[in-house]
Amino acid sequence: MTITTSLLSAVVFLLLSMLPVQAEMLVLTTIEPPTNYVQDGEIVGTSVDVVREILRRMNVDAEIEVKPWARVLNIAQTTPNVMLFTCGRTQERVDCGFHFIGPVVSRKHAVYKKKESRITVTSLEDIKQQGLVVGGVHDDWRSLMFESKGLRVDIAPTHAQCVEKMFGDRFPLLIGSDIEVPEWLEQTGRPADSLEVAFVFMEAPSFIMLSKHTSPALVHQVREVFRAMQQTDFFEMTAAKYTEILKYKLEYSPEKGFHRPE
């Protein structure tokens, strides 16, 4: 009797999860070019295009709201049916119950220095031993990781402000990635070669996240829509579009999402 009841419950859940979901969704992001950024008053970017296509296919009418990252994360921790992007998958976020869709982009995460800098660092331990300060964004998983390892991180609300503080000689090193840094420099009006990689500390994917209390049926539908998109030329066309916009090559694969090829 118990087995039959459990089986019936499982079948009912599966059937419900396959039905179209009409839900109120809150869609949040922050400024992080080129995945999500504002141009001519409009939110654009590789992840923005992906999210808009997901919402279109789900027939969900939701505006993408731009807020500081710390605020975005706080809302998502306490509110159901929140979609937020573009997000690293950390153990803390897994433990918080977030659902991950993707990956949508992979980056080579690195420590950057000014082109003329004579500083030499090849590891996080090097930075710690030399007592150097690193610039990072508030509640960015990389800033939190550096702090957890005992490094001194100078926190700013946005990536652009981090760049401004670095060129204001507030700190000699900056946390960034191969996809983001060129856009930060352009955004702040600096030459593309004014920063260079000191060392790469990780290559990692980032995702679209759904908040913990999002309905299982809605999570299922978003996953299925994303998988269906992968069976079309949507991602290849989007990679070509942003290759033209960004002036560097972007490719897409299901394992990495958008990424710069070797």
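This is a predicted model: local features need pLDDT of at least 70, side-chain atom pairs count only at pLDDT 80 or more; totals for chains, interfaces and linings use all residues.
Which element gives the largest share of the lining of the largest cavity? That share, three residues, belongs to β7.

A search of the whole structure turns up one cavity of 30 Å³ or more, and the space in the largest cavity comes to about 40 Å³. Its lining is made up of Gly135, Gly136, Val137, Asp140, Arg142, Ser143, His159, Cys162, Leu174, Ile175 and Trp184. Sorted by class, these lining residues are five nonpolar, four polar and two charged.

| Element | Residues |
|---|---|
| β7 | 133-137 |
| α6 | 141-148 |
| α7 | 159-167 |
| β9 | 173-177 |

His159 and Cys162 are among the residues lining the cavity, and both are buried in α7. Ala160, Val163, Lys165 and Met166 are buried in α7 as well. After this helix comes Asp169, with a positive phi near 65°.

How far does the predictor's confidence go? The average pLDDT of the chain is 90, and 91% of the residues score at least 70. Residues 5-21 are a stretch to treat separately: pLDDT stays under 50 there, and the model has 10 contacts beyond four places in sequence for this stretch.

Technical notes: Residues are numbered from 1 along each chain as its sequence is written. Side-chain values use heavy atoms; hydrogens and water are left out. On a 1 Å grid over the protein atoms alone, a cavity is a set of points where a 1.4 Å probe fits but cannot get out, and a pocket is an open set with protein on both sides within 12 Å along at least five of seven lines; lining residues have an atom within 4 Å of a point. Grid points are joined across faces, edges and corners, and a volume is the space filled by probe spheres set on the points. Helices (H or I, at least four residues) and strands (E, at least two) are DSSP runs, numbered from the N terminus. Ala, Val, Leu, Ile, Met, Phe, Trp, Tyr, Cys and Pro count as nonpolar, Asp, Glu, Lys and Arg as charged, and the others, Gly among them, as polar. pLDDT is the predictor's confidence in each residue, from 0 to 100. Contact means heavy atoms within 4.5 Å. Buried means under 20% relative accessible area, exposed over 50%, partly exposed in between (1.4 Å probe, protein chains only).
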